[in-house]
Amino acid sequence: MQGIVHCQSVRKATMKTQLKKGTLDMCVLAVLSQADSYAYELVSKLSQGMDISEGTIYPLMRRLQNESWVSTYLVESSSGPSRKYYKLTETGRRELETMRQEWQEFVAEVENVLRGGPAATKEGAQQ
């Protein structure tokens, strides 16, 4: 019995980890669509709803910047060095909208399968 519980726990963690990897860009862009933010603040906001570490955010932000989805600027801080703020670009806004649409379609497809509906609901997907 203990082995079954452990396997279920590992599977749940693995599935959740994979889902997070697939949606973290969208989540970061969504937070930035509300307001510009620096990395630690992004982690703080995201960690209110999901497990995320500060070490995860820096490589992600570099990648989003390389994709031109975010830009950066420095703001002087009274409590230490300047902070690098991230700002969503117009390209990032368009990408976020595309991601949201794809996410909603994906969730609807999965929900349909879980409810016992056909596995493929898009035109031509059953050919």
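Where is the place of serine 68? Serine 68 sits in the loop between α3 and β2 (70-77). Let's start there and then walk through the rest of the chain.

## Ground rules

This is a predicted model, where local features need pLDDT of at least 70 and side-chain atom pairs count only at pLDDT 80 or more, while totals for chains, interfaces and linings use all residues. Residues are numbered from 1 along each chain as its sequence is written, and side-chain values use heavy atoms, with hydrogens and water left out.

## The overall layout

The protein chain has four helices and three strands. Helices (H or I, at least four residues) and strands (E, at least two) are DSSP runs, numbered from the N terminus. Read from the N terminus on, the elements go α-β-α-α-β-β-α.

How much of the chain is tucked away? Of the 127 residues in the protein chain, 24% are buried. Here, buried means under 20% relative accessible area, exposed means over 50%, and partly exposed is in between (1.4 Å probe, protein chains only).

## Back to serine 68

Serine 68 has a positive phi of about 65 degrees, although this residue is not a glycine. Serine 68 counts as partly exposed because its relative accessibility is 41%.

## Two helices that cross

Two packed helices are described by the angle between their axes and the distance between the axes. For helix α2 (residues 39-46) and helix α3 (residues 54-66), the axes come within 9 Å and cross at roughly 120 degrees. That makes α2 oblique to α3. The axes are lines fitted to C-alpha atoms, for helices over the stretch in contact, and angles run from 0 to 180 degrees between N-to-C directions. Angles under 35 degrees count as roughly parallel, over 145 as roughly antiparallel, 65 to 115 as roughly perpendicular and the rest as oblique.

The crossing of α2 and α3 also has a hand: it is right-handed. A crossing gets that label if the near helix is turned clockwise from the far one by less than a right angle, and is left-handed if the turn is anticlockwise.

## Salt bridges

How many salt bridges are there by this rule? The count comes to three, where a salt bridge is a side-chain nitrogen of Lys or Arg within 4 Å of a carboxyl oxygen of Asp or Glu. One of them joins the side chains of arginine 63 and aspartate 25 (2.7 Å, N to O). This pair links distant parts of the chain, with arginine 63 in helix α3 and aspartate 25 in helix α1, 38 residues apart. Arginine 63 is partly exposed because its relative accessible area is 37%, whereas aspartate 25 is buried, at 13%. Aspartate 25 also has leucine 60 at 7.5 Å in space, C-alpha to C-alpha, although the two are 35 residues apart in sequence.

Another salt bridge pairs glutamate 90 with arginine 93, whose closest N and O atoms are 3.8 Å apart. Both residues lie in helix α4, three residues apart, or about one turn of the helix. Glutamate 90 is exposed, with a relative accessible area of 53%, and arginine 93 is partly exposed, at 36%. There is also a salt bridge between the side chains of glutamate 111 and arginine 115 (4.0 Å, N to O). Glutamate 111 is partly exposed, with a relative accessible area of 38%, while arginine 115 is exposed, at 60%.

## A nonpolar patch on the surface

Which residues form a nonpolar patch on the surface? They are Met15, Leu19, Trp103, Phe106, Val107, Val110 and Leu114, with about 640 Å² of accessible area together. The elements giving two or more residues to this patch are α1 (2-34) and α4 (90-114). Helix α4 gives the largest share, five residues. Patches are made of residues with over 30% relative accessible area and no salt bridge: like charges are joined within 9 Å, nonpolar side chains (Val, Leu, Ile, Met, Phe, Trp, Tyr) within 5 Å. Accessible areas come from the Shrake-Rupley method with a 1.4 Å probe, and for residues only the protein chains shown count as cover.

Leucine 114, placed in helix α4, is exposed because its relative accessible area is 65%. Tryptophan 103 is in helix α4 too, but counts as partly exposed, at 35% relative accessibility. Tryptophan 103 and glycine 22 are 81 residues apart in sequence and 9.9 Å apart in space, C-alpha to C-alpha.
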